[in-house]
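Subject: Structure for your review

Dear colleague,

Please find the structure below, followed by a short account of what was found in it.

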Amino acid sequence: MNRFLFLLCTLFVTLGASGGEIIVNEGESLHDALRKAREWRRLHDARCEGGILIRVKAGRHYMRQPLLIRPEDSGTATSPTIIRGEEGAILCGDPMQRHTQLYPQEGMARMIDFDKANRAIIIPTPPKSVLKQQNLEMVVHQRWAIAILRVKSMAVNGDRTTVTFQEPESRLEFEHPWPQPVIGGEKGNSSFLLRTTEQRDGIERLVVISGTEEDPVSHIRIEGLSFENTCWNRPLHQGHVTLQGGFPIVDAYSLETEGLPWAATLENQAWVERPVAAVSVDHASHVDVTDCQFRQLGCTALDYVGMVEDCTISGNRFEQIGGSAILAGSFAESPREVHRPYNHLARQCRRLIIRSNIIHEATTEDWGAVGIGCGYVSDIQISGNEIDGVNYSGICVGWGWTPLYTGMENNHIFGNRLRNYARQLYDAGGIYTLSNQPGSSIRDNLLSPPSPAPYATNERGFVIYLDAETDGYTIANNRCDGQLIDKSQIGDNHPGPHVIIL
């Protein structure tokens with residue numbers, strides 16, 4: 001009993017000696033609070049013992065500049081830095097840009113032709129009121145992606161109108177080979193819509209956690225905060241032509257002679273950049289985001305970019321997200337060419353736990369983004385998440401389109417629930433994988449069938465989709481509408497020899 005009382009007293013003392021606390025009331029600066037915590041660490045202040053708690057009080061805390069968390073802000077295992085929001089504490093930027101759809105007034109219309117030679121799209125002639133409108137965008141359906149193209153001109157010729165577009169998106173849209181609209185093939189012509197948009201820039205980033213390879217950020221916890229209202233400025237200035245998963249192309253073309261040493265049939269070359277995120281983490285370890293709310297964000301909500309390990313994303317809720325709710329790992333962004341089989345990138349994002357998050361209505365602006373997207377990663381666990389309402393795939397793991405070993409391995413997707421996915425785009429899966437990932441698994445997930453996407457140009461919507469060169473996965477005990485998923489319900493596109501379906 002005496003030993004028990006001693007341990008109990010020790011526990012209370014430990015909890016009581018929780019370190020220094022900094023209060024941030026509505027109207028006060030979170031930047032100043034972080035600076036104070038940084039100075040405590042620099043001066044080895046006694047208030048660092050047991051950790052530093054920055055307590056954000058209820059209210060709307062407008063972030064004119066993102067909160068920058070640097071290596072100097074790092075805590076330790078026994079003295080973390082915790083940024084904790086009380087109920088109703090909101091970090092916010094500007095409301096996302098609004099659109100008014102003009103033609104058709106709802107849904108999408110079918111284009112007549114896609115003229116690569118003249119960099120034009122031919123559509124049925126819109127009403128005169130639309131032809132007179134300034135600042136028009138065309139959203140183009142491209143199988144597993146979309147393009148957002150700023151309209152340059154519309155030339156009417158009876159019931160046909162030729163539309164041209166601004167740069168750089170005009171060049172990118174018509175020079176890159178995949179994806180592009182399908183005219184007269186598969187299920188028929190691709191679709192489009194015309195809309196206006198608010199021509200203004202707004203706040204895109206709320207928190208940026210960024211270290212260096214020599215000095216990563218570590219032992220930061222963000223708890224109980226709400227992140228709301230960010231914009232997505234890129235389409236206003238550059239359009240948005242994507243490769244896959246919401247990643248915009250910055251350059252692309254097709255090889256004159258098909259084939260490269262690592263892919264005999266490869267002809268497309270592409271360089272992409274990473275979508276902007278409201279909260280981003282890179283060069284970091286033990287940086288956890290738990291029990292937070294992400295709402296009405298213009299592009300990606302939460303992004304663990306690269307050189308990250310031993311982090312947890314848990315118990316968060318994502319609603320009305322314009323792009324992907326969660327991204328993690330490298331997607332071979334520029335200056336790398338995206339289709340090369342890189343063998344070092346997976347080591348830069350490992351041992352992440354993504355669990356018990358709720359994602360409701362993501363990909364509202366970029367239909368080709370995803371619920372949870374992981375690129376070159378290893379030792380990832382994605383478990384117990386609920387995804388309801390995405391326009392492309394729900395959970396995506398892997399990148400590279402390669403059968404070669406790249407370091408992607410031991411990635412496990414289990415116990416998730418997915419429904420209302422593939423609502424607009426196909427070549428999709430509730431769970432979607434790419435490339436060789438030895439020792440990985442897809443187990444015990446509950447899914448609904450893919451949605452009947454109204455404008456899809458092919459039939460490739462699957463419960464589980466093993467896309468190009470997927471290998472190394474064991475697939476077992478997954479259910480669709482209560483029934484065990486069998487091999488006939490799993491889409492495959494040249495999977496490797498080491499996929500096991502139980």
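A residue is called buried when its relative accessible area is under 20%, exposed when that area is over 50%, and partly exposed in between (1.4 Å probe, protein chains only). The model is a predicted one, in which local features need pLDDT of at least 70 and side-chain atom pairs count only at pLDDT 80 or more, while totals for chains, interfaces and linings use all residues. Residues are numbered from 1 along each chain as its sequence is written, and side-chain values use heavy atoms, with hydrogens and water left out.

Ser393 lies in the loop between β32 (386-388) and β33 (395-397); helices (H or I, at least four residues) and strands (E, at least two) are DSSP runs, numbered from the N terminus. Ser393 is buried, its relative accessible area being 0%. Its side chain reaches the backbone nitrogen of Gly429 at 3.1 Å. Beyond its neighbours within four places in sequence, Ser393 is in contact (heavy atoms within 4.5 Å) with Val370, Gly371, Ala428, Gly429 and Tyr432.

Just after α2, His44 takes a positive phi of about 55°.

With kind regards

Notes: Polar contact = N/O pair within 3.5 Å; in protein donor to acceptor, adjacent residues only side chain to side chain.
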